[in-house]
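Please find below some notes for a colleague who is opening this entry for the first time.

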Amino acid sequence: MSTEGARIEIRGIEVEIVRKDIKHLHLGVYPPEGRVRVAAPLRLDNDAVRLAVISRLAWIRRKRAEFQGQDRQSRREFVTGESHYFEGRRYRLDVIESTGPTGVRLRDKAWMEMRVRPDTERDAREAMLYRWYRAQLRDRIPQMIAEWEPRIGVTVVDWRIRRMKTRWGTCNPEVGRIWLNSELAKKPVSCLEYVVVHEMIHLIERGHGEPFRRMLDRLLPGWQTRRAELNRDYLPDETWCRLTPAYTPRSPTTSQRLPAP
């Protein structure tokens, strides 16, 4: 359960507060512009939240500066010559108008070919590319899940792909379902695997505490490198998701956590 968000300003920084039926306060700074959001227990008033934010102002300002200084792609128009990404590799788009079959394919290691009907508009070209991205993920994900189910000791009852602005993945442990962000098609396969494993572990370990970290360390050594690779990649203008540590102040009413994808 959560209540409608409130907004307060602290030393020139707008902070969104959402109160939930949770035990601990969670503070996060999110791309693309460094939005500050606090998920606070219902029992904490604005003064308590304000004190928590003030105690981490230096960290907040540092993270906001990182986001605002990060390179971003301009809005993609899906025309010949643009850069687009697949599995961590940069491709040049070659748009070919044709009355024959339409679709997207990789022509070689440098070009992504898009065949469209004459006068196909930008939004339709974008939709075509994302259908192709989703198809590539659908080809790869089932084998990845099947490989990891016996190693983790879980069964994924259902998995789905959707575009998400703030998470690379999420899950519903009650029904054994995971969702994966379609943007993962642009990332290296190692990053996709990290998010898949991360969400599968959440089916049996919901939090990001020590039990979760121990499982991740055991099953996927070096996962921090994969997460860092997601962080290092370009930030497209239409995508806000990024694996960056949210901060939870240390106090008797809070606990440390790792970010969910």
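1. A charge counts as sitting over a ring if NZ of Lys or CZ of Arg is within 6 Å of the ring centre and within 35 degrees of the ring normal. R151 lies over the face of W148 in this way, at 3.8 Å from the ring centre. The charged end of R163 sits over the ring of Y130, 3.7 Å from its centre.

2. On the source: this is a predicted model, in which local features need pLDDT of at least 70 and side-chain atom pairs count only at pLDDT 80 or more, while totals for chains, interfaces and linings use all residues. Residues are numbered from 1 along each chain as its sequence is written, and side-chain values use heavy atoms, with hydrogens and water left out.

3. Helices (H or I, at least four residues) and strands (E, at least two) are DSSP runs, numbered from the N terminus; two strands pair if DSSP finds at least two bridges between them. Three strands make an open sheet in the order β9-β11-β10, and their pairing is mixed. At its edges are β9 (158-162) and β10 (169-172), each pairing on one side only. From one strand to the next the twist averages 20°, where axes are lines fitted to C-alpha atoms, for helices over the stretch in contact, and angles run from 0 to 180 degrees between N-to-C directions.

4. β10 and β11 (residues 177-181) run antiparallel and are joined by four bridges. Helix α4 (residues 189-202) lies across β10 and β11 and runs at about 25° to β10.

5. Which residues of β5 point which way? In strand β5 (residues 83-86), S83 and Y85 point one way and H84 and F86 the other, and all are buried (buried means under 20% relative accessible area, exposed over 50%, partly exposed in between, with a 1.4 Å probe and protein chains only). In a regular strand the side chains alternate between the two faces of the sheet. Four bridges pair β5 with β6 (residues 89-97) in the antiparallel sense, and H84 stands opposite Y91 in β6. The hairpin of these strands has two residues between them, and E87 takes a positive phi near 50°.

6. The structure holds four aromatic pairs. Rings of Phe, Tyr and Trp (its six-membered ring) pair if their centres lie within 6.5 Å; planes under 30 degrees apart count as stacked, over 60 as edge-to-face and the rest as tilted. F86 and W132 have ring centres 4.8 Å apart and planes at 55°, so this pair is tilted. F86 is in strand β5 and W132 in helix α3, so the pair ties together parts that are 46 residues apart in sequence. Both F86 and W132 are buried.

7. Y194 and W223 form a stacked pair, 6.2 Å centre to centre with 5° between the planes. This pair links Y194 in helix α4 with W223 in helix α6 (residues 223-232), 29 residues apart. Y194 and W223 are both buried.

8. In helix α5 (residues 210-219) the buried residues are F212, M215, L216 and L219. They fall within an arc of 95° seen down the axis, so they line one face of α5; the arc is that of the directions from the helix axis to the C-beta atoms. R214 and R218, on the other side of α5, are exposed.

Technical notes:
Contact = heavy atoms within 4.5 Å.
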